[in-house]
Amino acid sequence: MTTINKSMDIAAPLSEVFTYFARPEHMADQFPENMGLNVIPLEVKNGFGVGTIFRISGDFDGKKLEWDCETIDYIPHKKIVAKMIEGPFKHWQITVDFDELEEKKTRTTLTVEYDMPMGPLGGLLDKVKLKKIAERGMENGLYRVKALLEGTGSIPVYITLEAYRKVLKEKERLKCSVSEAIVDIINQNQEQTTAKQIQ
């Protein structure tokens, strides 16, 4: 069994950090775009609480992997735990712990435990390559979330992942804040609607 543990202090209120991580599809934001990571909620229970099932798929160093997870523990503002219920690993589980350090400072700790298939060969592959990729991915992911949450104030939990990615692309294109990018997209849509009405 391999365990990877990474922590990061995020300068954002506990409620915002927890709300962000409580949406499984936001997990995709934590990984580089070249991984093509997708997280799709399949069955939502109790406001993304215990019993929620979601599918993770992506390109892990040239190997396409896909697995289904279920949220097995959900303590608001404290902890979220999900485990693989079907997929390529013998065992895979992620725990996200939240600790409020100050009013606007939250320590977020990710712990992933997994057991590779293929016996000793899987263990060797893990030690040589996969563990390093996973560690780097988790650390980079926490930095991405930190930048996201510290740079925007509050996270619009109602927005779809596709729409949120559009906002982030617009933010980069305009070199502006997320709020300004949202306003720009709204203005563009209003201009398009007005143009269509005139035609």
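Let's start in the middle: the largest nonpolar core here has 36 residues, and F21, I56, W67, F89, W92 and F98 are the ones with the most contacts inside it. A nonpolar core is a set of buried Ala, Val, Leu, Ile, Met, Phe, Trp, Tyr and Cys residues joined through side-chain atoms within 4.5 Å. Buried means under 20% relative accessible area, exposed means over 50%, and partly exposed is in between (1.4 Å probe, protein chains only). At least two residues of this core come from each of β1 (2–10), α1 (14–22), β3, β4, β5 (79–86), β6, β7 (105–115) and α2 (119–152). Helix α1 gives the largest share, six residues. Those helices (H or I, at least four residues) and strands (E, at least two) are DSSP runs, numbered from the N terminus.

A quick word on what you're looking at. This is a predicted model, where local features need pLDDT of at least 70 and side-chain atom pairs count only at pLDDT 80 or more, while totals for chains, interfaces and linings use all residues. Residues are numbered from 1 along each chain as its sequence is written, and side-chain values use heavy atoms, with hydrogens and water left out.

Now for some empty space. Rolling a probe the size of a water molecule over the atoms shows where empty space is left. Searching the whole structure turns up one cavity of 30 Å³ or more. A cavity is a set of points, on a 1 Å grid over the protein atoms alone, where a 1.4 Å probe fits but cannot get out; its lining residues have an atom within 4 Å of a point. The largest cavity has a volume of about 190 Å³, with grid points joined across faces, edges and corners, and the volume being the space filled by probe spheres set on the points. Its lining has 14 residues, and F21, P24, M27, I80 and V96 lie nearest the centre. Two or more lining residues come from each of α1, β5 and β6. So what kinds of residues line the largest cavity? They divide into 11 nonpolar, two polar and one charged. Here Ala, Val, Leu, Ile, Met, Phe, Trp, Tyr, Cys and Pro count as nonpolar, Asp, Glu, Lys and Arg as charged, and the others, Gly among them, as polar.

Strand β6 (residues 91–102) is also where you'll find T95. This threonine is buried, with a relative accessible area of 14%. Leaving aside residues up to four places away in sequence, T95 touches K79, I80, V81, T109, L110 and T111, a contact being heavy atoms within 4.5 Å.

Next come the charges. The whole structure has seven salt bridges, each one a side-chain nitrogen of Lys or Arg within 4 Å of a carboxyl oxygen of Asp or Glu. R55, E66 and D68 are linked in a network of them. In the pair of E66 and R55, the closest N and O atoms are 3.9 Å apart. E66 lies in strand β4 (residues 63–75) and R55 in strand β3 (residues 53–60), so this pair ties together parts that are 11 residues apart in sequence. E66 is partly exposed at 46% relative accessible area, and R55 is partly exposed at 30%. For D68 and R55, the closest N and O atoms are 2.7 Å apart. D68 is buried, with a relative accessible area of 11%.

Finally, R173 forms a salt bridge with E170, with 2.8 Å between the closest N and O atoms. The two are three residues apart in helix α3 (residues 161–174), so about one helical turn separates them. R173 is exposed at 54% relative accessible area, whereas E170 counts as buried at 10%.

Note on methods. On a 1 Å grid over the protein atoms alone, a cavity is a set of points where a 1.4 Å probe fits but cannot get out, and a pocket is an open set with protein on both sides within 12 Å along at least five of seven lines; lining residues have an atom within 4 Å of a point.
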